[in-house]
Amino acid sequence: MGVVMTQAVSDGLNQGNSLSRGNNSGSAPGMPLVLMYHSVEPYQADPYLVTVSPPRFEQQMHWLARRGLRGTSVRDLLAARAAGDAAGLVGLTFDDGYADFARHALPVLQRYGFGATVFVIAGRLGGDNAWDPEGPRKPLMDARQVRELAQAGVEIGSHGLRHVRLPAAQHALAEEVGDSRRILQEVTGTPVSGFCYPYGDLDAGAVAQVRDTGYDYGCAIWASAHTSRHALPRTYIGEADTAPRLWAKRARHQLACRSQRAGASTGRVNLPHPA
C-alpha cells in the first residue's frame, strides 16, 4: 500500500484522532476494534511497512488471548454486534491476499481459535505486489489457495480487481467493485459480503458503488466524512506493535468509542478532526 501505509504507521499511536475516529457502523456508535494486517512472513526489507514477522504475530495474538479477546472475521463481528454479542471480539483483517497468510498466519489463528477476513485482489490471483515497486516481491494467493482458505472457514472479501484507487477508476469503478466480487464468488463457491478499498482511498461514488453492488460492508483505513457500515475505519498493526503499543491502541479506541456514545446521547457524533 506504499505511501498510504507509511501514513498509517505515522498515525499509529494517534488512534483517537485517526484510525479509530468514527468507528460507528451505520448510526450505532462504538464499532468494535478491527485490526489491519497485510503480510506475515520473515523479512529483511519492508519499506512500505506491510510485513509482520511470524514471532511478532504470535506475540500479538497471544496478547489478545491473554486479555480474553478473540479475533474474528468482520462478517462474524458485525453479525455478533447486531445480536448484541460482540463483547470481547476483535476483527482481524489481512489486505492484498498474500500467499504467506496460509503458511505463517493461519496456523497461529487456528491454534488460538481465531477467525479472520482476507481481502483478495481478484484480478491478480497468482501474481505479486507490483503496485509496491520499491519493496520486495511478495507472491499473492492463486485461485486454489483462496478456495482452500474459504473451505478452512476464513472469510474472503474483495480488494478490487487490480488494486487501483477507486476515486480515479471512473468508468472502471463498476468493474473493480462488481467483477471482483463475481470472480471471488466463483472461485470460493461462497458469498462475498465484504469489500476493502485499495490504499484506503475512497469517495462518495466509491462507497455508493460498494453499497449498491450488494456488499454488506466495506473496510477503509481512516475515518472520514464517509464513515459508515460501508467505510469502516481500522487500526493498523505492524512489526513495532509490542504489548505496550497494543495496549495504547486499544485504550485510545475505547476512549474514542466512549466519546462517540456521549455524542450520540446528545444528538451529536463526536468525531475528532484528522491528525
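I took helices (H or I, at least four residues) and strands (E, at least two) as DSSP runs, numbered from the N terminus.

I note that this is a predicted model, in which local features need pLDDT of at least 70 and side-chain atom pairs count only at pLDDT 80 or more, while totals for chains, interfaces and linings use all residues. Residues are numbered from 1 along each chain as its sequence is written, and side-chain values use heavy atoms, with hydrogens and water left out.

I next looked up the neighbour of S7: strand S6 (residues 117-120) runs parallel to S7 and is joined to it by four bridges, and Val120 has Ser158 as its bridge partner. I count two strands as paired if DSSP finds at least two bridges between them. With helix H5 (residues 143-151) included, S6 and S7 form a right-handed β-α-β unit; right-handed here means that, with the strands pointing away from the viewer, the path from the first strand over the helix to the second runs clockwise.

I then turned to S5, where eight of its eight residues are buried. Strand S1 (residues 34-37) pairs with S5 in the parallel sense over four bridges, with Val34 opposite Gly91, and strand S4 (residues 70-72) is parallel to S5 over three bridges, with Arg70 partnered by Leu89. S5 also pairs with S6 in the parallel sense over four bridges, where Thr93 stands opposite Thr117. From S5 the chain crosses through H4 to S6, and I recorded this β-α-β crossover as right-handed.

I followed helix H4 (residues 100-112) itself, whose 13 residues reach 18 Å from first C-alpha to last, close to the expected 18 Å (1.5 Å times one less than the number of residues). I found a kink of about 40° at Leu106, shortly before the proline Pro107; the bend is the angle between axes fitted to the seven residues ending there and the seven starting there. The buried residues of H4 include Phe101, Ala105, Leu106 and Leu109, and their cover includes helix H2 (54-66), S5, S6 and H5, where contact means heavy atoms within 4.5 Å. Just after H4, Gly113 takes a positive phi of about 75°.

For the chain as a whole, I noted eight helices and 10 strands, with buried residues making up 53% of the 275 residues.

Conventions: Buried < 20%, exposed > 50% of the residue type's maximum accessible area, 1.4 Å probe, protein only.
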